[in-house]
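Please open the structure in a viewer and keep the selection tool at hand.

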Amino acid sequence: MYEIFYRTEVNIISLFALVWIIYRSKKIKDKQTRNIMFQRVISSAALLLFIDTILIFTNGKEGSFIYYLNWALNCIYLILNAVVAFTWEAYVRYYIRGIKRSSILLSRIFLIPLFIFLLFVVLSPFNKLIYYIDENNFFCKGPLYFLQIILTYGLFTMAGVVAFVSLLNKKNRPQYYHRYVIFFAFIFFPCLSGVSHLIFPEVKSIWQTISFGFLLVYVEFQFDLISRDALTNLNNRRAFDIKLSQMAAEQNDCSHTYIFMIDINFFKKINDKYGHLEGDTALIKTADILKKVLVQSNAFLCRYGGDEFAIIYNCTNEQAGDVRIKIYKEFEKEFQISDLPYRLSVSVGYAPINGKSKAEIAAAEKAADLNLYNEKAAMHLALEETEEYIKK
């Protein structure tokens, strides 16, 4: 009796958390692929926990209706076990590595054992290979039940391996999550639930434990929303200020750290002549070019506000000058091949952080902005003289 109460209580708490995540996620208008994939994982897991809660009260109960209900519910439950594991592995791999041909190919390969297992589950009422319901209405494992364990644990293990490798590889680690989120959500909670189930097979707490990982991902996702610019998908001004505050709090030597301030030339004229939608296009294109320039670096890039962008980059003075030249060259290259009805260009100013205090970091930000002002004045004068700032 105590076990039934315990399982029901834990299931309801976990289910409430997942339903709340689903409800809040539906309110978010951000329909990026990663968010849609996460919603699918959560929805499948919530349905799985709901069915598991019903099975607590139907398993071993008398009646022909209960007998057939047990067959149906256990069939759906086993299918959802595999589906949640498959969608979770795909979500983790997509979030860590992004869209790659190898990832798409891997998902298609994993679909083969998934479909085979689902076929065995659906046919179990006839051949009892995966599971069956005995004469006392109790769930029993079939001779091929181990396939469910291999498939589910195998997919979660694959996701954990991908996450673990990303922790070791600093360059390719996703910027969306902190290290602790990757460790706990993608590695610790799945491993904890798997090990506990292997040691105590009668204690069913796998999905309840993993639900904590789902909740952690959602909380981090909410933090991501307030720290990321929705239009350009860059860090926003808030994230920039936090980054500078962390640098000041850590009291590390910032003598080789530079702050770059970047501004789109004649952005107001682009907005006035071509409309705000085209202005949004200019902002997105600018963000993409800046990301392309900095792709091989550890630079912190953000949308500072309006048509301004900022970079925090640990480099030498010579490298800082090279970055500005690279940015100008990349925009010039884009100008030659772009079909935009205007010339998209930027002005770049930068300054070193001479010290490690909050005041010295703020002084560097102000100096970079002043350098940008002077650079912008010279750039505007040059563009106006050639009349290349609006029409090609």
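**Sheet and surroundings**

Select the open sheet, in which 4 strands are arranged in the order 4-5-3-6 with antiparallel pairing (strands are DSSP E runs of at least two residues, numbered from the N terminus; two strands pair if DSSP finds at least two bridges between them). Strand 4 (300-305) and strand 6 are at the edges with a single partner strand each, so one side of each has no neighbour in the sheet. This is a predicted model, where local features need pLDDT of at least 70 and side-chain atom pairs count only at pLDDT 80 or more, while totals for chains, interfaces and linings use all residues. Residues are numbered from 1 along each chain as its sequence is written, and side-chain values use heavy atoms, leaving out hydrogens and water.

Next, select strand 4 with strand 5 (residues 308-314): 5 bridges join this antiparallel pair. Phenylalanine 300 is opposite isoleucine 312 in strand 5.

Move to strand 3 (residues 257-264), joined to strand 6 by 7 bridges in an antiparallel pairing. Here aspartate 263 faces serine 347 of strand 6. Strand 6 (residues 346-352) has 6 of its 7 residues buried, so it is largely enclosed by the rest of the structure (buried means under 20% relative accessible area, exposed over 50%, partly exposed in between, with a 1.4 Å probe and protein chains only).

Finally, select serine 211 in helix 7 (residues 206-227) (helices are DSSP H or I runs of at least four residues). Serine 211 is buried, at 6% relative accessible area. Phenylalanine 184, by comparison, lies in helix 6 (residues 179-199) and is partly exposed at 31%.
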